[in-house]
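Welcome! Let us walk through this structure together, one step at a time.

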Amino acid sequence: MKNKLIFIIIAVVLAIAIIALGAVLFLRNTGDTVISLGNAKGLAGDIVEIPLTIDKNVGIWGGQILINYDSDNLSFLSIDNSEVFDQCEVNDTGDCVAILATQLELEDSHFDGNIATLKFKIKVSADKGEYSLDFNEESNFCNKDEEMITPEFVSGKITVK
């Protein structure tokens with residue numbers, strides 16, 4: 001009798017844990033994918049790092065991320081790829097950074113987190129103030145089935161102190 005009661009208690013606890021985990025996973029995947037640029041502060045002449053992140057990733061194989069910046073006051077230096085996509089190729093046109101982020105295999109990435117870290121140099125001649133980093137409207141993404149994914153984009157900024 002005592003063993004049966006212990007078994008029932010364990011079964012109820014496990015059932016509650018499974019239901020709670022399911023609710024957390026459901027709520028985590030509710031809503032649109034969000035791709036964001038972070039913010040940074042620095043002095044004229046400094047190098048700053050800007051995180052490019054994804055949240056609520058519905059499953060993306062790859063995409064083209066275009067980021068406009070003020071080339072009169074900022075210089076793009078480099079990009080470091082992170083854990084979300086297998087590779088990130090970059091091209092800088094002088095006022096727009098083009099990032100091609102893809103998976104090596106024909107499988108979608110479902111990871112959330114840091115897509116890449118962008119490094120900018122604040123030009124010595126930059127005035128104090130805020131300089132926006134905005135997503136170009138031609139940024140686009142698709143999954144492995146070539147279905148377009150339309151995330152919400154959140155711009156970032158670099159503040160010169």
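How many of the seven residues of β7 are buried? Five of them are, so β7 is mostly covered, where buried means under 20% relative accessible area, exposed over 50% and partly exposed in between, with a 1.4 Å probe and protein chains only. Strands here are DSSP runs of E with at least two residues, numbered from the N terminus. Before going further, note that this is a predicted model: local features need pLDDT of at least 70, side-chain atom pairs count only at pLDDT 80 or more, and totals for chains, interfaces and linings use all residues. Residues are numbered from 1 along each chain as its sequence is written, and side-chain values use heavy atoms, leaving out hydrogens and water.

Now look at the partners of β7. Two strands pair if DSSP finds at least two bridges between them. β4 and β7 are antiparallel and share seven bridges, with Q64 facing L100 of β7 as its bridge partner. Strand β6 (residues 87–92) is also antiparallel to β7, over six bridges, and here E89 has L100 as its bridge partner. β6 and β7 make a hairpin with three residues between them, and G94 in the turn has a positive phi of about 105 degrees.

Next comes β1, which is covered on both faces: V34 and S36 are buried on one side, I35 and L37 on the other. β1 runs antiparallel to β3, with four bridges, and parallel to strand β12 (residues 152–154), with three.

What lies inside? A nonpolar core is a set of buried Ala, Val, Leu, Ile, Met, Phe, Trp, Tyr and Cys residues joined through side-chain atoms within 4.5 Å. The largest one has 33 residues, of which L52, I99, I115, L118, F120 and L133 touch the most other members. β8 gives the largest share of this core, five residues.

Finally, follow the rings. Rings of Phe, Tyr and Trp (its six-membered ring) pair if their centres lie within 6.5 Å; planes under 30 degrees apart count as stacked, over 60 as edge-to-face and the rest as tilted. By this rule there are four aromatic pairs. One of them, Y69 with F120, is edge-to-face, at 5.2 Å centre to centre and 65 degrees between the planes. Y69 lies in the loop between β4 and β5, 51 residues from F120 in strand β8. F120 is buried at 0% relative accessibility. The centres of F76 and F120 are 5.6 Å apart and their planes at 70 degrees, so this pair is edge-to-face.
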